[in-house]
Amino acid sequence: MRPSSSQSCATLVALAALVVVAACGDSTAPPVATSLAFRAFAGGATRSDLPAVVVEIRDQAGVLMTGASGSVTLSFAANPGRLIFHASGISTNDRIIELVDIASGLVLPTLQNNEGLTEMTGARTTRGHTGVQLKGLTVEAGANGRLLGGRQAGSALYSVNRVTGDTTNLGTLVYSAGAFVGVNGFATDPGTGTIYAVVRVASGTVRHLATLNPTALTLTEVALLTDNGVSDLTFLADGTLIAVTGTGSGVTNPETLLTVNKATGVMAVVMALGNGADGEAIAAVPSRLTGTLTAATVGGVATFNGLQITAPGTAYTLRATAAGLTNGTSAVFNVAIAP
């Protein structure tokens, strides 16, 4: 008996389906290592071991690849912590360099170097000679910001070539409050890009706070600083303006770190510093992540023990990188002041 036309059609459809299955096979793609991901971990305290930081290699579905191998490297993704680098002393055998944890009021021994013939010989790289004695360097905001400096006794503004150290005289500054002797320090607000300056209006210890427009070559008066003898400025990551005083005659709080109200010039003592000769400079330096920062994976997992962070801060994050994989970023964590 011949099959009916409906039976023939059904058979053809079934055969076609078998052909399609045979041609395409299983459509599920095999797992492939694609990305890095952090396991949850808690923060810790400054200069103390963090809890173990664990990073997994995962596939396209977010599943741990236990057979994956390679190495993973950690770095900061967000680094809110800052230490203050302080250098003091223009006289031979009376100089000091030190690193200060301003949040906890501690002078760290790591870079401290007071007196002696080997002073100021730490990890440094000489770029060149500026040919001009500059005071209070700062970098303009933006990707191509210039390195700027002024003179303690002089009204010119300079830019500095960061490769060679060569200086360019940009012109004469004009101060909104009238005549002035020189500029003791510059600092750029990380939030707004505004450049603040310490202006010497006379030869004594009185100082004024001003803002700098490097394009227009103008200094605009903000306020009289309430502490005298201010020698330099720097900013913390959160926009807090920090000043340091010198040791000249009549200075109320010599060689001291103080906060500065950017609108009123009111200052508040934070802590005393090491005692070198007059001639102070400060700079806020980013916190460091220390320890073994590259680890081999075992079963698709890289484990980092003994990591430390040098400064307290809120909302740190870490970044994990590995060749051929999408970077991973940790959840936000905090680093507290060491007890």
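Reader: Is His86 buried or exposed, and why?
Author: His86 counts as buried because its relative accessibility is 0%; buried means under 20% relative accessible area, exposed over 50% and partly exposed in between, with a 1.4 Å probe and protein chains only. Please note that this is a predicted model, in which local features need pLDDT of at least 70 and side-chain atom pairs count only at pLDDT 80 or more, while totals for chains, interfaces and linings use all residues. Residues are numbered from 1 along each chain as its sequence is written, and side-chain values use heavy atoms, with hydrogens and water left out.

Reader: Where is His86 found?
Author: His86 is found in strand E5. Helices (H or I, at least four residues) and strands (E, at least two) are DSSP runs, numbered from the N terminus.

Reader: With which side chains does the side chain of His86 make a polar contact?
Author: One is the side chain of Glu98, at 2.7 Å, and another is that of Glu280, at 2.6 Å. A polar contact is a pair of N or O atoms within 3.5 Å; within protein, one must be able to donate a hydrogen and the other to accept it, and residues adjacent in sequence count only if both atoms are side-chain atoms.

Reader: Moving on, why does Glu56 count as buried?
Author: Glu56 counts as buried because its relative accessibility is 9%. Glu56 has its place in strand E3, and its side chain makes a polar contact with the side chain of Arg39 at 2.6 Å.

Reader: And where does Asn79 lie?
Author: Asn79 lies in the loop between strand E4 (71-78) and strand E5 (82-88). With 19% relative accessibility, Asn79 counts as buried. Its side chain reaches the backbone oxygen of Ser287 at 2.9 Å.

Reader: What is Asn79 in contact with, leaving aside its neighbours within four places in sequence?
Author: Asn79 is then in contact with Pro286, Ser287 and Tyr316, where contact means heavy atoms within 4.5 Å.

Reader: Now the cores: how many residues has the largest nonpolar core?
Author: That core has 29 residues, and Leu74, Phe304 and Leu318 have the most contacts inside it. A nonpolar core is a set of buried Ala, Val, Leu, Ile, Met, Phe, Trp, Tyr and Cys residues joined through side-chain atoms within 4.5 Å.

Reader: Which residues does the second, separate core include?
Author: The second core, of 14 residues, includes Leu173, Phe186, Val199 and Leu217.
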